[in-house]
Amino acid sequence: MQLLSITQDNIEAYIAFRWEIATEEGRRYYDRIDLATAILTRGDDLVLQDENGEMLAAVVISRNQYHDGSCHVRISIDDRSKNPNTLAGWLRYVLRHETDTVVKVDTCFHACNLPELSLPSAEMTDMGFAEVPGSYRYERKPGPPQTGEFPYASRAIELGYKAVILDDVTIASNPDIFEKLTEVYNRAFSIRGRVSPVTPDGMRRNYEADSNTMIIAKLDDEIVASTTLTNMGDSILGPQISCLRKHWGTGVSDLICRLFTQIVADQWNLPIVAYAEVGNSASWRALERFGLVRNKEYMIWEKMVPSGQSFTL
């Protein structure tokens with residue numbers, strides 16, 4: 001058995017495998033993005049395959065340095081079986097590549113459960129992991145903005161902020177707008193270790209995707225924030241807001257998300273679904289302010305390795 005990186009040589013076969021093992025919701029998402037570009041740009045995907053070249057499991061390992069100096073290694077594994085014990089076996093094989101390596105900074109290993117499926121407690125505990133809350137799922141019922149929601153939007157308007165749908169006319173009058181949006185996004189998420197940087201070309205593809213609608217916020221001629229809504233068929237995914245730090249606290253997030261909600265109500269009248277990491281209280285409190293309700297908690301498996309020590313199984 002081999003653990004191989006995904007490259008131009010095997011990306012086509014890997015995408016076919018990912019499509020085969022994905023859930024229906026996952027396939028709807030894949031159908032709305034440039035999956036090959038996303039995978040190759042991120043560089044976190046690997047595949048477990050047997051001696052005959054058959055793909056057995058898709059593996060994603062992201063390594064990110066956080067602003068406090070610690071390192072977070074996030075591992076997710078998926079296969080055809082969806083059998084918890086089989087997945088735990090693949091995970092143990094992958095983790096053998098981490099053993100005996102002395103970490104230079106405090107390192108937190110996270111092993112992800114699949115949706116609606118938890119890795120077996122006995123096996124995970126034996127490998128030194130503890131199950132902890134990882135993220136929340138939020139949902140807003142269909143309908144326009146309600147009284148009491150988006151309470152700081154009026155503050156943003158008073159300060160001169162405007163939120164508009166990004167369209168071809170706006171782009172034509174701002175030739176470098178995708179460069180500006182890329183700068184806002186990358187600066188906004190630079191402290192979020194798991195968020196991969198984007199490029200202007202990637203931002204343009206995001207705009208051009210049929211399922212997406214982009215919203216931007218401006219102060220005079222300066223672009224200060226943006227978000228994208230993605231139509232998943234039975235729901236709208238979002239909002240993930242990128243906002244320059246100097247504009248935090250102005251109410252611009254409320255303003256941009258109020259427009260987001262109105263667009264969804266007017267065009268599709270579908271529920272809005274969003275996700276937030278447990279440790280990102282600013283995000284999930286904002287979602288609650290926007291009328292979304294927490295309806296699910298996703299658990300992950302965590303193992304801490306202090307600086308100067310090695311990962312062991």
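How many cavities of 30 Å³ or more does this structure have? The count comes to one. What you're looking at is a predicted model, where local features need pLDDT of at least 70, side-chain atom pairs count only at pLDDT 80 or more, and totals for chains, interfaces and linings use all residues. Residues are numbered from 1 along each chain as its sequence is written, and side-chain values use heavy atoms, with hydrogens and water left out.

**The cavity**

- Rolling a probe the size of a water molecule over the atoms shows where empty space is left.
- A cavity here is a set of points, on a 1 Å grid over the protein atoms alone, where a 1.4 Å probe fits but cannot get out.
- The largest cavity holds about 70 Å³ of space, the volume being the space filled by probe spheres set on the points, with points joined across faces, edges and corners.
- Its lining (residues with an atom within 4 Å of a point) includes Ile-75, Ser-76, Leu-87, Cys-112, Asn-113 and Leu-119.
- β4 (71-79), α4 (84-95) and β5 (107-112) are the elements that give two or more residues to that lining. Helices (H or I, at least four residues) and strands (E, at least two) are DSSP runs, numbered from the N terminus.
- β4 gives the most to the lining of the largest cavity, with three residues.
- Sort the lining by type and you get nine nonpolar residues, two polar and no charged. For this sorting, Ala, Val, Leu, Ile, Met, Phe, Trp, Tyr, Cys and Pro are nonpolar, Asp, Glu, Lys and Arg are charged, and the others, Gly among them, are polar.

- Leu-119 sits in the loop between β5 and α5 (121-126).
- Leu-119 counts as buried because its relative accessibility is 7%. Buried means under 20% relative accessible area, exposed over 50%, and partly exposed in between (1.4 Å probe, protein chains only).
- Leu-119 and Pro-84 are 35 residues apart in sequence, yet their C-alpha atoms are 5.0 Å apart in space.
- Skipping neighbours within four places in sequence, the contacts of Leu-119 (heavy atoms within 4.5 Å) include Pro-84, Ala-88, Met-124 and Trp-301.

**Cysteines without a partner**

- A disulfide is a covalent bond between the sulfur atoms of two cysteines.
- With a disulfide taken as a pair of cysteine sulfur atoms within 2.5 Å, the count is zero.
- Cys-71 is in no disulfide, and the nearest cysteine sulfur, in Cys-108, is 9.4 Å away.

**Aromatic pairs**

- A pair of aromatic rings is described by the distance of the centres and the angle of the planes.
- Rings of Phe, Tyr and Trp (its six-membered ring) pair if their centres lie within 6.5 Å; planes under 30 degrees apart are stacked, over 60 edge-to-face, and the rest tilted.
- That gives six aromatic pairs.
- Phe-150 and Phe-290 make a stacked pair, 5.3 Å centre to centre with 20° between the planes.
- Phe-150 is in the loop between β6 and α6 (153-158) and Phe-290 in the loop between α11 (281-289) and β13 (293-305), so this pair ties together parts that are 140 residues apart in sequence.
- Both Phe-150 and Phe-290 are buried.
- Tyr-275 and Tyr-298 form a tilted pair, 6.2 Å centre to centre with 40° between the planes.
- Tyr-275 is partly exposed at 39% relative accessible area, and Tyr-298 is partly exposed at 22%.
- Tyr-136, Tyr-138 and Trp-284 form one aromatic cluster.

**Positive phi**

- Most residues other than glycine have a negative phi.
- Asp-100 has a positive phi, near 70°, and lies in the loop between α4 and β5.
- Asp-100 counts as exposed, with 65% relative accessibility.
- Phe-150 also has a positive phi, near 50°, but Phe-150 is buried at a relative accessible area of 4%.

Note on methods
On a 1 Å grid over the protein atoms alone, a cavity is a set of points where a 1.4 Å probe fits but cannot get out, and a pocket is an open set with protein on both sides within 12 Å along at least five of seven lines; lining residues have an atom within 4 Å of a point.
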